[in-house]
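Here is a brief report on one protein. Keep the sequence and the 3D view open while you read.

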Amino acid sequence: MRTIDGAYRRGANRDMEKSDREQHDHFLRLFMEHEEMLRLFVRSLLFNMEESREVMQEVAVVLWRKFDSSLDSDSFRRWAFGVARMEALAFRRDRARDRHLFGDDVAELLGCTVQDEADRLDHERNALETCVRKLRPDQRELLQSAYQPGAKLKDLAKTLGWTSMTLYKKLHRIRLQLMECAKRELAAEDYS
């Protein structure tokens, strides 16, 4: 019986390890998706890069410790911003002896503003992605070539057999088309 029980426990451990890995992977995907905005948010509350790094480390620890794997991306973002706000305020309270800090009311106002801005930027990014998908394939390819890292428009124009001015004009027309499309998308969402 002992070997059967031991084998059962080893199998349960592997299942538990797999479950832990899946939860960890889910957390990392969500955290990485929102990390940049969280960093900006914390930075806006603290005004000091070193302090914001310290708080972000604590935010990551708290988020992982209290992570609920049933959270979707939007729920995670709202929860993570709340945790970040609380951690930043706790950090500020601990440093309250420094007279150069703004009050908690100013930090709270800045935090709300940054979170609202993050929501707005998410909507704009989604609208832009929708509009890029609506472009003709040749237009999408031109955008991708022009805006890939290290791309030089002069070299791209030469490769395409165009003058630099022709390339600039084509890109300008595509950008205008994207801007108009994004405005329509945001208006349809009533988020302009």
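## Helices α6 and α7

Helices α6 and α7 are roughly perpendicular to each other, because their packing angle of about 105 degrees falls in the 65 to 115 range. Their axes are 8 Å apart. This is a predicted model.

Which residues make the contact? From α6 come L153, K154, L156, A157 and L160. From α7 come S164, L167, Y168 and L171. By class, 7 of these residues are nonpolar, 1 is polar and 1 is charged.

## Overall make-up

The protein has 7 helices and 0 strands. Read along the sequence, the pattern is α-α-α-α-α-α-α. The protein has 192 residues, and 29% of them count as buried.

Now take the contacts between residues at least 6 apart in sequence: 67% of them join residues at least 24 apart.

## Helix α5 against α6

Helix α5 covers residues 137–147, and helix α6 covers residues 153–160. Their axes come within 9 Å and cross at roughly 140 degrees. That angle makes α5 oblique to α6. On the α5 side, the contact is made by L142, S145 and A146. On the α6 side, it is made by L153, L156 and L160. The residues of this contact divide into 5 nonpolar, 1 polar and no charged.

L153, L156 and L160 of α6 take part in the contact with α5. L153, L156 and L160 are also among the α6 residues in the contact with α7.

## Along helix α7

Helix α7 spans residues 164–189, which is 26 residues. From its first C-alpha to its last, α7 reaches 37 Å. That is close to the 38 Å expected at 1.5 Å a residue.

Which residues of α7 are buried? They are L167, L171, I174, L178, C181, A182, E185 and L186. Two of these, L167 and L171, also belong to the contact with α6. After α7 comes D190, whose phi is positive, near 60 degrees.

E22 is found in helix α1, which covers residues 2–46. E22 and S69 are 47 residues apart in sequence, yet their C-alpha atoms are 9.1 Å apart in space.

L71 lies in the loop between α2 (49–65) and α3 (73–94). L71 counts as buried because its relative accessibility is 19%, and the cut-off is under 20%. Leaving aside neighbours within four places in sequence, L71 is in contact with H26, L30, F76 and W79. L71 and L30 are 41 residues apart in sequence. Their C-alpha atoms are 9.0 Å apart.

## V83 in helix α3

V83 is in helix α3. With a relative accessible area of 12%, V83 is buried. What does V83 touch, not counting residues up to four places away in sequence? V83 touches V59, V62 and L63.

V83 also pairs in space with A60. The two are 23 residues apart in sequence and 9.3 Å apart from C-alpha to C-alpha.

Notes. Residues numbered from 1 in each chain as written. Predicted model: local features only at pLDDT ≥ 70, side-chain atom pairs only at ≥ 80, totals over all residues. Heavy atoms only, no water. Helix = DSSP H or I, 4+ residues; strand = E, 2+ residues; numbered from the N terminus. Buried < 20%, exposed > 50% of the residue type's maximum accessible area, 1.4 Å probe, protein only. Contact = heavy atoms within 4.5 Å. Axes fitted to C-alpha atoms, helices over the stretch in contact; angles between N-to-C directions. Parallel < 35°, antiparallel > 145°, perpendicular 65-115°, else oblique. Nonpolar A, V, L, I, M, F, W, Y, C, P; charged D, E, K, R; others polar. Expected span 1.5 Å × (residues − 1).
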